[in-house]
Amino acid sequence: SEMSFIHRILSTYADLLQRFRWLILGICAVGIAVCIYFGLTLSLPDSSNVRLLPEGHPFENHFMWKKVRLSEALFSSGAFIQIHFGLIPGDTGNPNNPDELSKLILDETFEPSASDSQEYLLNYCSDLFAQDFANLPYGDYECPINVFDNWLQSKSLNQDSDLYKENCNDATGVPMNPEYFDACIIAWSQDAQDKSVLADRGVVKTITFKAKADVRIDTPHSKIDETWNAWEDWFIAQSSIAPAGANKPFNSAELWWWYDTNEQMVKTATGAVGIALAFSAVIVLVSSRSFTLTLLSFGCILYVLAATTASLVALGWDLGFLESICFAILVGISCDFIIHFGHAYIHQKGSVSKEIRSKFALIHMGPSILAAAVTTFASSIMMLFCRIVFFTKFAMILFMTILHATIGSFVVYIVLTTIFGPAEPTKLIDGLVARVFKKGQEAPEGIVPEEEKILHDEHTTATDPK
């Protein structure tokens, strides 16, 4: 029957691809190498701040204006850090129910009353604030243990506090008699209304110090990473020299939570690429039953991912929070078209030349793939006019992914199958499967299959001398 218009176009296109296949292969090889090179330059953003509205929006204008106000500059000069003694980092809440909060997990080895622990805690803040990465949370801040030490010195001279007289055994400073330490520091926290010391049944369980880092949520990710590692390295070094009763502190901050979230989103994006490649290879192998087609498909999918990433780099994008989410969602689209072409390539039975198979796949599967590409292009173009930044970013990644998936399937994949495609793509795997099943169906030794038994009986009857 006469081919339709779209089939005639694809037939002519297939002939051109076959005629210039080596030239196109060279161009594709260079293009893939360039895309991989520039795709690897995709970096983390200069700021960890996530903005959901476009520039010029009233809310965004207010945000930018607020950043340059004097009060904002004064009170947002860094991230506040809390240093916890007596606690173990952990979450006992239900991860599927955000309304169920975690309970405190106490460090049973924390023993602040020991003399060596008291002396270590007393010098802790002076050592901490001597570091370049740690600052006072506010101008006249002193750590609770140091304020407690000053209180003891003052009350021992004035003797004007009943709480001191009843609980502190005339202590003149830290370190003091361990036997009275818990009762005395609890009395001080009640007198000063200080909530940084928590006790249970007269025993101090936790002590919290405060500090401030010189980074904020809008600081470049690399600087936050450097500061985080500086804090962690210092904590590890301190834990190695701290007494056993005070050697397990940890620090927490909302900035660290956000930093870790960004780190995990980047790992998710890169992991999604690996998962897409691995699963698409498995699906292609199962659907095509050909190791050669699986290898060719893997190379084409790698092109789609590299070309999409390189396009985003050319647009000036970074791998931020929103971009990581989009990557994780859309990376699977990169393999759809190629899998369809691979399935069409093996449609003809027996030994058929790679040129005929490639042209058959292009003509018979091409219209459906083009229709899917056009509808997806249309939906992404509509989303480009959204006001919420996430949807515009999602639309751009979707547009680029479909664009390069179309190029990867109609150009790269068809050229590769035209040059390297097998004439009998399923022969090897089908032969292996047939051998396995045939071996499993072999009759046990000593038992003659029914057809062989009939032939054996006929032969015996014909040769019987009786």
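Analyst: We shall take the features one at a time, beginning with the chain as a whole. Please note that this is a predicted model.

User: How many helices and strands are there in the chain?

Analyst: The chain holds 17 helices and five strands. Of its 466 residues, 42% count as buried. Among contacts between residues at least 6 apart in sequence, 74% join residues at least 24 apart.

User: How should I read an aromatic pair, and which kind do W151 and Y164 form?

Analyst: One looks at the distance between ring centres and at the angle between ring planes; planes over 60 degrees apart count as edge-to-face. The ring centres of W151 and Y164 are 5.9 Å apart and their planes stand at 80°, so this pair is edge-to-face. W151 belongs to helix 6 (residues 144-158) and Y164 to helix 7 (residues 162-167), so the pair ties together parts 13 residues apart in sequence. The count of aromatic pairs comes to 22.

User: Are W151 and Y164 buried or exposed?

Analyst: Here a cut-off is needed: buried means under 20% relative accessible area. W151 has 10% relative accessibility and therefore counts as buried. Y164, with a relative accessible area of 0%, is buried too.

User: Which residue lies over the face of W317?

Analyst: That residue is K393, at 4.5 Å from the ring centre of W317. In a further case, R357 lies over the face of Y345, at 5.9 Å from the ring centre.

User: How should I read a salt bridge, and with which residue does K359 form one?

Analyst: One looks for a side-chain nitrogen of Lys or Arg within 4 Å of a carboxyl oxygen of Asp or Glu. K359 forms a salt bridge with D15, and their closest N and O atoms are 3.0 Å apart. Since K359 lies in helix 14 (residues 354-383) and D15 in helix 1, the pair ties together parts 344 residues apart in sequence. K359, at 23% relative accessibility, counts as partly exposed, and D15 is partly exposed at 37%. The count of salt bridges comes to four. Another of them joins R201 and D200, with the closest N and O atoms 2.9 Å apart; R201 counts as exposed at 76% relative accessibility.

User: Which residues form a nonpolar patch on the surface?

Analyst: L16, F20, L23 and I27 form such a patch, with about 400 Å² of accessible area together. L16 is placed in helix 1 (residues 5-19) and counts as partly exposed at 42% relative accessibility.

Conventions
Residues numbered from 1 in each chain as written. Predicted model: local features only at pLDDT ≥ 70, side-chain atom pairs only at ≥ 80, totals over all residues. Heavy atoms only, no water. Phe/Tyr/Trp six-rings, centres within 6.5 Å; stacked < 30°, edge-to-face > 60°. Helix = DSSP H or I, 4+ residues; strand = E, 2+ residues; numbered from the N terminus. Buried < 20%, exposed > 50% of the residue type's maximum accessible area, 1.4 Å probe, protein only. Lys NZ or Arg CZ within 6 Å of the ring centre and 35° of its normal. Patch = residues over 30% accessible without salt bridge, like charges linked within 9 Å, V, L, I, M, F, W, Y side chains within 5 Å. Areas by Shrake-Rupley, 256 points an atom, 1.4 Å probe, with all protein chains shown as cover. Contact = heavy atoms within 4.5 Å.
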